[in-house]
Amino acid sequence: MKKQRNTAQKRIILGALECADHPTATELYEAVRRENEHISKATVFRVLAQSAENGDILKVHLCGSDERYDGTVAPHAHVRCVYCGRIKDVSLPRTAEVFGVKSAEGFEIFSAELGFSGCCPDCAARRAEEVKAGGRA
Ligand SMILES: [Zn+2]
Ligand SMILES: [Zn+2]
């Protein structure tokens, strides 16, 4: 019985992760909480930690950012906006070709952690507006 309830909660939590964009555990808890008042913060944190350990989801570490979770487990890179901190996926078409390949030093490569930083479209628009406003003043 308890196991069934845990499975249902896990489904809700991982479902929310699918819709969210690399949230922190706290952000995901807040999103889950809006629809499911009975799910505790401890449950959300535990499900995330266990799922990451099982390889069902990814834990994302990017410098300058809190630990975040990602429902996309296929190898991909991330870009973080230096202005608002939002994180998006970057598809690197040739990344997959590297997996399973042996490096020059004889390492077999099976995972990658690659982070970029930049400026998101919203912040670019906002900054362009600021420049315009600044120009007028
Ligand atoms: Zn931004
Ligand atoms: Zn991602």
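Two residues are in contact if their C-beta atoms, placed from the backbone, lie within 7 Å. By this rule Val44 touches Ile13, Ala25, Leu28, Tyr29, Val32 and Ile39, leaving aside its neighbours within four places in sequence.

The structure is a predicted model, in which local features need pLDDT of at least 70 and side-chain atom pairs count only at pLDDT 80 or more, while totals for chains, interfaces and linings use all residues. Residues are numbered from 1 along each chain as its sequence is written, and chains are lettered from A and ligands numbered from 1 in the order in which they are written.

A nonpolar core is a set of buried Ala, Val, Leu, Ile, Met, Phe, Trp, Tyr and Cys residues joined through C-beta atoms within 7 Å; buried means that 20 or more other C-beta atoms lie within 10 Å of the residue's own. The largest such core has 14 residues, and Leu28, Val44 and Tyr69 have the most contacts inside it. At least two residues come from each element in the table. Helices (H or I, at least four residues) and strands (E, at least two) are DSSP runs, numbered from the N terminus.

| Element | Residues |
|---|---|
| α1 | 2–19 |
| α2 | 25–35 |
| α3 | 41–54 |
| β1 | 58–60 |

The largest share, 4 residues, is from α2.

Three strands form an open sheet of mixed pairing, in the order β4-β3-β5. Strands pair if DSSP finds at least two bridges between them. β4 (87–90) and β5 (115–118) each have a single partner strand, so one side of each lacks a neighbour in the sheet. Strand β3 (residues 77–81) pairs with β5 in the parallel sense over 4 bridges; Cys81 has Gly118 in β5 as its bridge partner.

Conventions: A residue is buried if 20 or more other C-beta atoms lie within 10 Å of its own, exposed if 12 or fewer, and partly exposed in between; C-beta atoms are placed from the backbone.
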